[in-house]
Amino acid sequence: VGSPSTWVRQAKLAAAGELTALEDLQKRIKSGYLYDDLTEIEGIGPKAQDALYEARIRSFDDLAAASIKDIEKALKKAKLDMNPESWPKQAQFIADDDLTGLKKYQDSLNK
């Protein structure tokens, strides 16, 4: 059945006449769940993304709300040894549509 969690977002886009944005959003919904491209987060590659999806961490909102412990558990299950400490904060920047803040934060990670 999926999740109704995207219905409000879809309705707002439709009501505002933002049909292109609505279509883009709908392309990322599978079986009622929103799947964001988590590889936009620095440190997440395709294998880590698959591990997160498997753990039902599918969107930037999911990742921003996830505990480090839950993320590490998903990575361990996939036999990935990675440091996810910055991932929820990066995801929150994207969820908030603050790409400038994301860039600044990612730049600070690389120093």
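This is a predicted model: local features need pLDDT of at least 70, side-chain atom pairs count only at pLDDT 80 or more; totals for chains, interfaces and linings use all residues.
Biologist: Let's start with the surface. What makes D61, D62, D96, D97 and D98 a patch of negative charge?

Modeller: Asp counts as negative, and like charges are joined within 9 Å if their residues have over 30% relative accessible area and no salt bridge. D61, D62, D96, D97 and D98 gather on the surface in that way, so they get called a patch.

Biologist: Why is D61 called partly exposed?

Modeller: Its relative accessible area is 46%. Buried means under 20% and exposed means over 50%, so with 46% D61 falls in between and is partly exposed.

Biologist: And where does D61 sit in the fold?

Modeller: In helix α4, which covers residues 60-65. The protein has 7 helices and 2 strands, and from the N terminus on the order is α-α-β-β-α-α-α-α-α.

Biologist: Back to charge, then. How many positive and negative side chains does the protein have?

Modeller: There are 17 positive and 19 negative ones, and the centres of the two sets lie 5 Å apart.

Biologist: What share of the protein counts as buried?

Modeller: Of its 111 residues, 36%. Buried means under 20% relative accessible area, so that 36% is the share of residues below this cut-off. As for the surface, the protein exposes about 7300 Å², and carbon and sulfur atoms supply 50% of that.

Biologist: How do you know which contacts link residues 24 or more positions apart?

Modeller: A contact means heavy atoms within 4.5 Å. Among contacts with a separation of 6 or more, residues 24 or more positions apart account for 39%.

How values were computed
Residues are numbered from 1 along each chain as its sequence is written. Side-chain values use heavy atoms; hydrogens and water are left out. Patches are made of residues with over 30% relative accessible area and no salt bridge: like charges are joined within 9 Å, nonpolar side chains (Val, Leu, Ile, Met, Phe, Trp, Tyr) within 5 Å. Accessible areas come from the Shrake-Rupley method with a 1.4 Å probe; for residues, only the protein chains shown count as cover. A salt bridge is a side-chain nitrogen of Lys or Arg within 4 Å of a carboxyl oxygen of Asp or Glu. The place of a charge is taken as NZ of Lys, CZ of Arg, CG of Asp or CD of Glu. Helices (H or I, at least four residues) and strands (E, at least two) are DSSP runs, numbered from the N terminus. Buried means under 20% relative accessible area, exposed over 50%, partly exposed in between (1.4 Å probe, protein chains only).
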